[in-house]
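Dear colleague,

I am handing over the structure below, and after it you will find my notes on the contacts between its side chains. Please read them with the structure open.

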Amino acid sequence: MAVSAYGVDVLRVKERVREDAGPGPVWAYGGEDLNANLMVFENGAGVAGHVNNEVDVLMVGMEGQGTLVVNGQPEPFGAGSWVVVPKGVQRAIRSGQGRLVYLTCHRQRGGLSIQPRRY
């Protein structure tokens with residue numbers, strides 16, 4: 001991570017997402033107001049269905065393709081996609097054939113406890 005002229009950490013995604021990165025979070029930020037996580041999953045791996053009742057979550061696809069399942073409805077998700085998943089909504093995500101890299105951002109809450117799971 002590099003520091004900009006303004007004293008802000010600049011994440012270089014390509015540096016974080018090397019061949020041996022993942023599965024799961026490869027970078028995380030936990031500030032007073034914001035949580036952000038860079039996630040990497042390969043070949044059908046991802047996060048099993050769960051409900052977050054605490055915060056809305058912004059998910060931004062950075063690389064690859066996969067499937068986001070929201071309340072049982074599968075949607076294509078990957079590089080160039082973004083979605084806001086409201087709190088109280090069930091979601092799951094898995095990579096397609098290859099790597100899926102995405103960023104999650106949400107208001108600060110308790111610690112992240114994501115464990116990679118297969119469907």
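Phe41, Phe77 and Tyr102 are linked into a cluster by ring pairs, where rings of Phe, Tyr and Trp (its six-membered ring) pair if their centres lie within 6.5 Å, and planes under 30 degrees apart count as stacked, over 60 as edge-to-face and the rest as tilted. This is a predicted model, in which local features need pLDDT of at least 70 and side-chain atom pairs count only at pLDDT 80 or more, while totals for chains, interfaces and linings use all residues. Residues are numbered from 1 along each chain as its sequence is written, and side-chain values use heavy atoms, with hydrogens and water left out.

The structure holds 2 aromatic pairs. Phe41 and Tyr102 form a stacked pair, at 6.4 Å centre to centre and with 25 degrees between the planes. Because Phe41 lies in strand 4 (residues 34-42) and Tyr102 in strand 11 (residues 99-107), this pair ties together parts that are 61 residues apart in sequence; strands (E, at least two residues) are DSSP runs, numbered from the N terminus. Phe41 counts as buried at 1% relative accessibility, and Tyr102 is buried as well, with a relative accessible area of 2%, where buried means under 20% relative accessible area, exposed over 50% and partly exposed in between (1.4 Å probe, protein chains only).

Phe77 and Tyr102 form an edge-to-face pair, with 6.1 Å centre to centre and 85 degrees between the planes. Phe77 belongs to strand 8 (residues 73-78) and Tyr102 to strand 11, so the pair ties together parts that are 25 residues apart in sequence. Phe77 is buried, its relative accessible area being 2%.

Glu63, in strand 6 (residues 57-63), is 39 residues from Tyr102 in sequence and 6.9 Å from Tyr102 in space, C-alpha to C-alpha. Glu63 is partly exposed, with a relative accessible area of 24%.

Turning to charged groups, side chains of opposite charge can pair when their charged atoms come close. A search of the whole structure finds 1 salt bridge, defined as a side-chain nitrogen of Lys or Arg within 4 Å of a carboxyl oxygen of Asp or Glu. Arg99 forms a salt bridge with Glu42, and their closest N and O atoms are 2.8 Å apart. Since Arg99 lies in strand 11 and Glu42 in strand 4, the pair ties together parts that are 57 residues apart in sequence. Arg99 counts as buried at 12% relative accessibility, whereas Glu42 is partly exposed, with a relative accessible area of 29%.

Key. Helix = DSSP H or I, 4+ residues; strand = E, 2+ residues; numbered from the N terminus.
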